[in-house]
Amino acid sequence: MSNNQELKTIIDEWFNKNESNMLNDLGKLIEINSVAGKKEEGAPYGTESRKALTVAESMLKDKGFDVNVFEDMVITSTFGPNPPELGILAHLDIVAAGEGWETDPFKLTEKDGILYARGVVDNKGPAVAAIYAVCCVRDICPNLTHGVQLIFGSGEEIGWDDIKQYVKKNTTPPNVFTPDAEFPIVNIEKGRFMPVFGAKWEKDTSLPRVVSVTGGTTPNIVPNRAVATIEGLSLEDTQRFCAEFSEKTGATLTACADGGLISITADGTAAHASLPHLGNNAQTALIEMLAAMPFAKSDGFEYLCKLNRLFPHGDNVGKAIGIYFKDDKTGEITVNFGVLRFTEYEFSGNFDSRTPSAADDADLFGLTKAALDKEGIAISMHQINGCHHTPEETPFVQKLLSIYEDYTGEERKCLAIGGQTYVHEIDGGVAFGMVMPDTPDHNNVHNAGEYIRKDRFLMNAKMFAKAIVDVCG
């Protein structure tokens with residue numbers, strides 16, 4: 001290889017010849033509805049998630065690569081000398097397709113140069129791009145100085161316990177990237193704190209009263225809907241409160257008669273828990289209204305008022321609960337009160353907090369427990385981990401930045417995000433792709449109509465091939 005441009009030309013030519021095979025293989029993985037499911041023998045995340053690993057395993061073996069299977073959760077394949085210098089980490093499980101598709105989510109469909117399917121970006125497309133990047137390098141540069149390892153998991157969408165288990169028993173390469181975020185490079189990821197809390201009391205049927213409140217389905221999404229059932233107030237009075245608090249909170253609150261009860265629905269705007277300011281929390285809007293309504297004094301109603309004080313509508317940074325932290329590198333803490341189940345005699349809830357490096361040495365659990373204890377609310381369980389940071393000046397990061405700049409002509413820079421990727425607990429790991437910044441497809445990966453432009457998909461694969469040569473060649 002005489003120079004960088006010559007190498008890029010050779011890579012381009014290789015992918016031009018192999019594009020159709022690459023898309024055919026992607027289509028085989030797309031066909032599998034690999035949403036993580038019920039654990040079964042030989043399938044810790046369900047049969048469909050395990051099937052995706054099996055298909056990828058066959059794909060690799062058909063191309064002449066050896067494959068190792070780790071506890072039916074993860075497969076790995078290494079090309080070149082051991083130990084490998086570079087790892088490419090992707091996952092083959094997906095989120096549910098959901099409603100609203102104009103194409104079959106489980107059939108790779110190309111329209112006007114755009115590829116549509118569930119998993120085409122997150123994360124089957126990048127996995128296939130990585131496989132073909134290794135194939136390309138094997139053909140054009142067979143005598144690598146160092147090896148490259150593909151690592152494919154099957155439980156990323158439900159918390160990546162697969163990779164947590166894998167890294168306990170296996171050594172990953174010193175340089176790892178996951179194509180499961182965005183370009184140029186994500187080298188800093190916030191930490192995460194998720195407590196589950198609740199309280200119980202004696203049932204009190206004094207009128208008027210709140211019978212139930214249900215909000216959210218998962219802590220990592222801003223609830224776009226919450227519903228309450230109340231008894232003992234007139235529909236007319238309730239609708240006046242709805243109008244007032246719709247204007248006050250920006251959510252849409254409506255009420256209707258439901259037998260002898262009244263049903264209140266709050267509609268807000270969903271967003272990822274790492275970016276709660278982009279949404280409008282229907283749950284906290286509903287609680288704020290309920291706390292202002294003339295219900296009879298009771299333990300249950302008092303707990304709703306306490307939740308309103310701890311998680312006031314619009315407080316996305318934990319100031320009321322006393323866990324606000326901020327630094328220049330990773331920004332402010334975020335807090336998303338994501339789930340609530342409130343009945344006549346108990347409630348349970350949780351929040352998802354993305355924590356800056358300034359909070360790494362803080363006792364987030366202790367601070368939260370103190371605030372909740374004061375209100376008679378107990379924490380039943382919690383999950384916590386710190387920030388992940390791979391320094392920008394490392395040679396690995398600099399090589400990937402150079403590749404991105406060379407292929408796109410765009411500014412080379414590192415990013416810090418509130419989300420967490422597959423490399424969060426892997427030293428030296430970064431996210432490299434697959435989504436281009438500031439593009440219309442930036443936030444489509446979990447939505448109906450998930451897509452990527454075919455030319456960008458191919459460019460990703462070419463950049464991965466170049467990365468293998470630059471790091472391992």
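**Entry 1: strands**

Two strands pair if DSSP finds at least two bridges between them. Helices (H or I, at least four residues) and strands (E, at least two) are DSSP runs, numbered from the N terminus. Before going on, I note that this is a predicted model, where local features need pLDDT of at least 70, side-chain atom pairs count only at pLDDT 80 or more, and totals for chains, interfaces and linings use all residues. Residues are numbered from 1 along each chain as its sequence is written, and side-chain values use heavy atoms, with hydrogens and water left out.

I started with β10, residues 191-200. I found β10 paired with β19 (residues 378-385) in the antiparallel sense, over 7 bridges. In that pairing, M194 stands opposite Q383. β10 also pairs with β18 (residues 346-355), again antiparallel, over 8 bridges. There I picked out G191, which sits opposite T355.

Then I looked up how covered β10 is: 8 of its 10 residues are buried. Buried means under 20% relative accessible area, exposed means over 50%, and partly exposed is in between (1.4 Å probe, protein chains only).

**Entry 2: helix α6**

Next I went to α6, residues 282-292, and counted 9 of its 11 residues as buried. Among them are A282, Q283, T284 and A285. What caps the N-terminal end of α6? I found N281 there, with a side-chain oxygen 2.9 Å from the backbone nitrogen of Q283.

**Entry 3: F152 and the cores**

I wanted to see where the nonpolar residues gather. A nonpolar core is a set of buried Ala, Val, Leu, Ile, Met, Phe, Trp, Tyr and Cys residues joined through side-chain atoms within 4.5 Å. In soluble globular proteins, nonpolar side chains tend to be buried together.

The largest core here has 73 residues, and F152, F177, F432, F457 and I468 touch the most other members. Apart from it lies another core, of 47 residues, including W201, I262, M289 and L290.

I then zoomed in on F152, which lies in strand β6 (residues 147-153). F152 counts as buried because its relative accessibility is 1%. Leaving out residues up to four places away in sequence, I listed its contacts (heavy atoms within 4.5 Å), and they include L53, A56, L60, M73 and V74. For a sense of scale, I checked F152 against D258: they are 106 residues apart in sequence and 50 Å apart in space, C-alpha to C-alpha.

**Entry 4: E450**

Is E450 buried or exposed? E450 is in the loop between β23 (434-435) and β24 (451-453), and its relative accessibility is 0%, so E450 counts as buried.

What does its side chain reach? I found a polar atom of the E450 side chain 2.9 Å from the backbone nitrogen of V121. The E450 side chain also reaches the backbone nitrogen of D122, at 2.9 Å. Not counting residues up to four places away in sequence, E450 touches W101, L115 and Y116, among others, and N444 and V445 are on the list too.

Note on methods
A polar contact is a pair of N or O atoms within 3.5 Å; within protein, one must be able to donate a hydrogen and the other to accept it, and residues adjacent in sequence count only if both atoms are side-chain atoms.
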